[in-house]
Amino acid sequence: MNATVVVIVALALGTYAFRLVGPVLHGRVEIPARVQELASAGAVVLLVALLATGALAEGGGFAGWARPAGVLVGAALAWRRAPFIVVVLAAAAATALLRLVAVR
C-alpha cells in the first residue's frame, strides 16, 4: 500500500473519530464554563491570526498595502453588520481600486 494512501486513510479515520466524539459524549461529559470561555476566545484568536496572515503576507513577504486596506474595508462593513455579499464585494472593490491606481 502506498504511503500517501495510508496517510489519507489515517487522516480520514481521525476526522471521523473527532466528528463521532461529540454525539457520543453529549450529556455524559460536563465541560466547565471557564473551559468553554477559553475555547471560544481561542477560536477567535485563531481566526484573527488567520485573517492577519492572509491579509499581510504573500510568498514569505509583505503583501502590500492594497490587500490590508481591502480587508479593513470588509472588517468595517462586517462590524456594521452589512450583508455578507456587500462586505465581500466592497473589500474586493477597494483592493482592486487601490491596485488600479498602483498602490501595491
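The model is predicted: local features need pLDDT of at least 70, side-chain atom pairs count only at pLDDT 80 or more, and totals for chains, interfaces and linings use all residues. Residues are numbered from 1 along each chain as its sequence is written, and side-chain values use heavy atoms, with hydrogens and water left out.

**Helices and their packing**

- Helices here are DSSP runs (H or I, at least four residues), numbered from the N terminus; strands are E runs of at least two.
- Helix α2 spans residues 33-56 and helix α3 spans residues 66-79.
- The two helices pack at an angle of about 140°, and their axes are 8 Å apart.
- That angle makes α2 oblique to α3. Under 35 degrees counts as roughly parallel, over 145 as roughly antiparallel, 65 to 115 as roughly perpendicular, and the rest as oblique.
- Axes are lines fitted to C-alpha atoms, for helices over the stretch in contact, and angles run from 0 to 180 degrees between N-to-C directions.
- On the α2 side, L51, G54, A55 and L56 meet R67, P68 and V71 of α3. Contact means heavy atoms within 4.5 Å.
- The residues of this α2 and α3 contact divide into five nonpolar, one polar and one charged. Nonpolar covers Ala, Val, Leu, Ile, Met, Phe, Trp, Tyr, Cys and Pro; charged covers Asp, Glu, Lys and Arg; the others, Gly among them, are polar.

**Salt bridges**

- Side chains of opposite charge can pair when their charged atoms come close.
- The count is two salt bridges. The rule asks for a side-chain nitrogen of Lys or Arg within 4 Å of a carboxyl oxygen of Asp or Glu.
- R67 forms a salt bridge with E58, with the closest N and O atoms 2.5 Å apart. R67 is also among the α3 residues that meet α2.
- R67 is partly exposed at 22% relative accessibility, and E58 is partly exposed at 47%. Buried means under 20% relative accessible area, exposed over 50%, and partly exposed in between (1.4 Å probe, protein chains only).
- R34 forms a salt bridge with E37, with the closest N and O atoms 3.7 Å apart.
- R34 and E37 both lie in helix α2, three residues apart, about one turn of the helix.
- R34 is exposed at 54% relative accessibility, while E37 is partly exposed at 47%.

**Aromatic pair**

- The count is one aromatic pair.
- The ring centres of F62 and W65 are 5.0 Å apart and the planes are at 65°, so the pair is edge-to-face.
- Rings of Phe, Tyr and Trp (its six-membered ring) pair if their centres lie within 6.5 Å; planes under 30 degrees apart are stacked, over 60 edge-to-face, and the rest tilted.
- F62 is partly exposed at 47% relative accessibility, and W65 is exposed at 60%.

**Positive phi angles**

- Most residues other than glycine have a negative phi.
- R81 has a positive phi of about 60° although it is not a glycine. R81 lies in the loop between α3 and α4 (84-100), and is exposed at 76% relative accessibility.
- A102 has a positive phi of about 70°, and is not a glycine either. A102 sits in the segment after α4, and is exposed at 59%.

- L13 is found in helix α1 (residues 3-25), and is exposed at 58% relative accessibility.
- L13 and A69 are 56 residues apart along the chain, and their C-alpha atoms are separated by 41 Å.
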